[in-house]
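Please find below a short note for a colleague who is meeting this structure for the first time. The points are numbered so that each can be checked on its own.

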Amino acid sequence: MGQGEASAQGTTMDGDCLSCIKYLMFVFNFLIFLGGSFLLGVGVWVLVDPTSAFREIVLANPLLFTGVYILLGMGGMLFLLGFLGCCGAIRENKCLLLFFFMLILLIFLAELAAAILAFIFREHLTREYFTKELKRNYQSYNNSDVFSSTWNAIMTTFDCCGVNSPEDFKDSLFRLINQNHVVPEACCQHASHTEELAHISLEQCLSGNMMFRHNKGCYSAVVDYFELYIYVAGALAIVVLTIELFAMVFAMCLFRGIQ
């Protein structure tokens, strides 16, 4: 009787532990599901919303543009992953749990690889890189040139000029094409004036008068604007990686505990 009672008690404890793991895994996978939905939403917003300032920044850099599609792919996989994990945990299906573990392991390794690549190519996000690209490719108002149109949108949206300052346009392709203009029209202040005053203001700005142009560089303006979002994104990435690790551990424990 003693051994039977001990065995029954051990079985009950194992069952309670397994049930606890099952519901914990459901909670973690529901969080992964929400995280995937968030990443999908952000990726779609950046690509679709024409009023998004961040969209213009992404279009100005091919590396960031590729990163948005990676974000969409990762969001879609996390969305599917969370759904499979929730179903596998509630139904106690070993096939779903094993598939879930393999998929989340691949995603985890892909995220580590993406972090390593971001560290390796971090020089492409520096002031020097953007300044060099601006000097070499910016053509002022050329509607057929995506690079110029994107930079015009950035300078107009953030009330800035150049990467560091209006001095970035010295010895640039813009000055070769527009020899009579010191800065492009996108750098000019557009205050509410009469048509005549607006024309005078524009002419003064294009000729280099500092009183009629924006003198702050776009790099500082954009960094200041998105500083909070960068910290939130970094904290969110750490949380997601932690949740994925716990989800893998719980998936294996539940897989081994299911009879």
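1. The link of Cys 161 and Cys 187 is right-handed, with 85 degrees about the S-S bond. Cys 161 lies in the loop between H6 and H7 and Cys 187 in the loop between H7 and helix H8 (195-206), so the pair ties together parts that are 26 residues apart in sequence; helices here are DSSP runs (H or I, at least four residues), numbered from the N terminus. The sulfur atoms of this disulfide are 2.1 Å apart, where a disulfide is a pair of cysteine sulfur atoms within 2.5 Å.

2. This is a predicted model, in which local features need pLDDT of at least 70 and side-chain atom pairs count only at pLDDT 80 or more, while totals for chains, interfaces and linings use all residues. Residues are numbered from 1 along each chain as its sequence is written, and side-chain values use heavy atoms, with hydrogens and water left out.

3. The structure holds three disulfides. Another of them joins Cys 160 to Cys 218, with an S to S distance of 2.0 Å, and its torsion about the S-S bond is about 90 degrees, so this disulfide is right-handed. Cys 160 sits in the loop between helix H6 (146-158) and helix H7 (173-177), whereas Cys 218 belongs to helix H9 (residues 218-257), 58 residues apart. Cys 160 is buried at a relative accessible area of 0%, and Cys 218 is buried at 1% (buried means under 20% relative accessible area, exposed over 50%, partly exposed in between, with a 1.4 Å probe and protein chains only).

4. A disulfide also joins Cys 188 to Cys 205, and with -95 degrees about the S-S bond this link is left-handed. Cys 188 is in the loop between H7 and H8, and Cys 205 is in helix H8, 17 residues apart.

5. Cys 86 is in no disulfide, and the sulfur of Cys 87 is 6.9 Å from that of Cys 86, too far for a bond.

6. From an unreviewed entry, UniProt lists residues 23-48, 68-90, 97-121 and 229-255 as "transmembrane region"; the positions follow the numbering used here, feature names are shortened, and annotations may be inferred rather than shown by experiment. Over residues 23-48 the chain is 100% helix, with the end C-alpha atoms 37 Å apart.

7. Ring pairs link Phe 30, Phe 33 and Phe 79 into a cluster; rings of Phe, Tyr and Trp (its six-membered ring) pair if their centres lie within 6.5 Å, and planes under 30 degrees apart count as stacked, over 60 as edge-to-face and the rest as tilted.

How values were computed. Helices (H or I, at least four residues) and strands (E, at least two) are DSSP runs, numbered from the N terminus.
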